[in-house]
Amino acid sequence: MSKAVRFDHFGGVDVLNVVEVEKPSPSPGRVLVRVVRAGTNPGEILIRKGQLEQKYPTTFPCGQGTDFAGIVAELGNGVTSPAVGTAVMGWSNERSAQAEFVSVPAEQVIVKPESLSWEVAGALFIVASTAKAAVAAVAPQRGETILVSGAAGSVGSIVTQLVLRTGAKVVGAAGASRHDWLRSLGAIPVGYDDDLQASLSSVAPDGFDTVIDTVGHGYVDLAIKLGVAPNRINTIIDFEAAARHHAHADGSAKAESGAVLAEIAELVADGELQVPIAAVYDLKDVRQAYTQLEQGHTGGKVVLRVAAP
Ligand SMILES: NC(=O)c1ccc[n+]([C@@H]2O[C@H](COP(=O)([O-])OP(=O)(O)OC[C@H]3O[C@@H](n4cnc5c(N)ncnc54)[C@H](OP(=O)(O)O)[C@@H]3O)[C@@H](O)[C@H]2O)c1
């Protein structure tokens, strides 16, 4: 037996429980990983509340969690690497990462760079693939000016840094407490509580070439109002506005690959990209972790500590 997060009906954090389940065993082509850290993501809140049923239907009892890092414990038939005992990071598409053991297809793990912290490794896949997809959708060019909403959020902070690496200018809408950090990266912060349109025209009088929205709250409509072409707008959350304006809505699924995860992991390990960690909770405190995540102003990833490495 082993422990895993489960819920058996939709609801608030109190439906989340850590229960004893059958320890998974790896079928052919899969690896079994002993999980050290697992990530949390806001989409899991929507799933748990039954608000994503049309897109991602649920069967009960339901597990939870996509991102994880851990140690390879067993290999299924046909899998020869990474060897048992290797430190890896990866993702589950089966809502099963928040557990002592997770079984995934072998191509869904990569070797963890040694200098990458367990916290970042365990929380990287969704934010890395989503940020890569969002940036690729609008292809920022050197010299262009890009508005990023939620620029200091978990996805937004990676978007901001990836865009800056292209040589484009980033104007980032974020809460005031994150402005110094955004400046330290080389972005121009603006507060979303102020008169946003006035702030935007004062820092970017010639307007914006592209907009990457990680928040919703009307940023796609604002982008259109600012004269940005729909094919240079990407939102990861406002699918209705994207459909209405024929803008992009590329998210994690569009960039899901070990290569993308490895690229971002290496950048973080080499100190070229920062992934702030806001809080780490023991697996048994999963309800507290999601209570903090749901507040929406975490300043970084909320991570679950499942076991020692
Ligand atoms: N499509 C996909 O594949 C995909 C993948 C991952 C996430 N998502 C979605 O993307 C959203 C962000 O995810 P995340 O993990 O980055 O969340 P997060 O870490 O909680 O970040 C959210 C950010 O939004 C900022 N914010 C809130 N209201 C704002 C406003 N009016 N203007 C500008 N910024 C505002 C907050 O800024 P302050 O803290 O500075 O106040 C916070 O930094 C969630 O809705 C999530 O469900 C979609």
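Modeller: What follows covers the ligand site and then the core. This is a predicted model, where local features need pLDDT of at least 70, side-chain atom pairs count only at pLDDT 80 or more, and totals for chains, interfaces and linings use all residues. Residues are numbered from 1 along each chain as its sequence is written, and side-chain values use heavy atoms, with hydrogens and water left out.

Biologist: How many residues surround the ligand?
Modeller: There are 24, and the closest are Ser-154, Gly-175, Tyr-192, Tyr-219 and His-297. A residue counts if one of its heavy atoms lies within 4 Å.

Biologist: What does Tyr-192 do with its polar side-chain atom?
Modeller: That atom of Tyr-192 is 2.4 Å from a ligand oxygen. A polar contact here is a pair of N or O atoms within 3.5 Å. From the backbone, a polar atom of Gly-153 lies 3.3 Å from an oxygen of the ligand, and an N or O atom of Gly-150 is 3.4 Å from a ligand nitrogen.

Biologist: Why does the ligand lie between domain 1 and domain 2?
Modeller: Both domain 1 (2-124 + 276-305) and domain 2 (127-253) give residues to the shell, so the ligand lies between them. The bounds come from an automatic or database domain assignment.

Biologist: Now the largest nonpolar core. Which residues have the most contacts inside it?
Modeller: Met-89, Leu-124 and Val-159, in a core of 46 residues. Such a core is a set of buried (under 20% relative accessible area, 1.4 Å probe, protein chains only) Ala, Val, Leu, Ile, Met, Phe, Trp, Tyr and Cys residues joined through side-chain atoms within 4.5 Å. At least three of its residues come from each of domain 1 and domain 2.

Terms used: A polar contact is a pair of N or O atoms within 3.5 Å; within protein, one must be able to donate a hydrogen and the other to accept it, and residues adjacent in sequence count only if both atoms are side-chain atoms. Buried means under 20% relative accessible area, exposed over 50%, partly exposed in between (1.4 Å probe, protein chains only).
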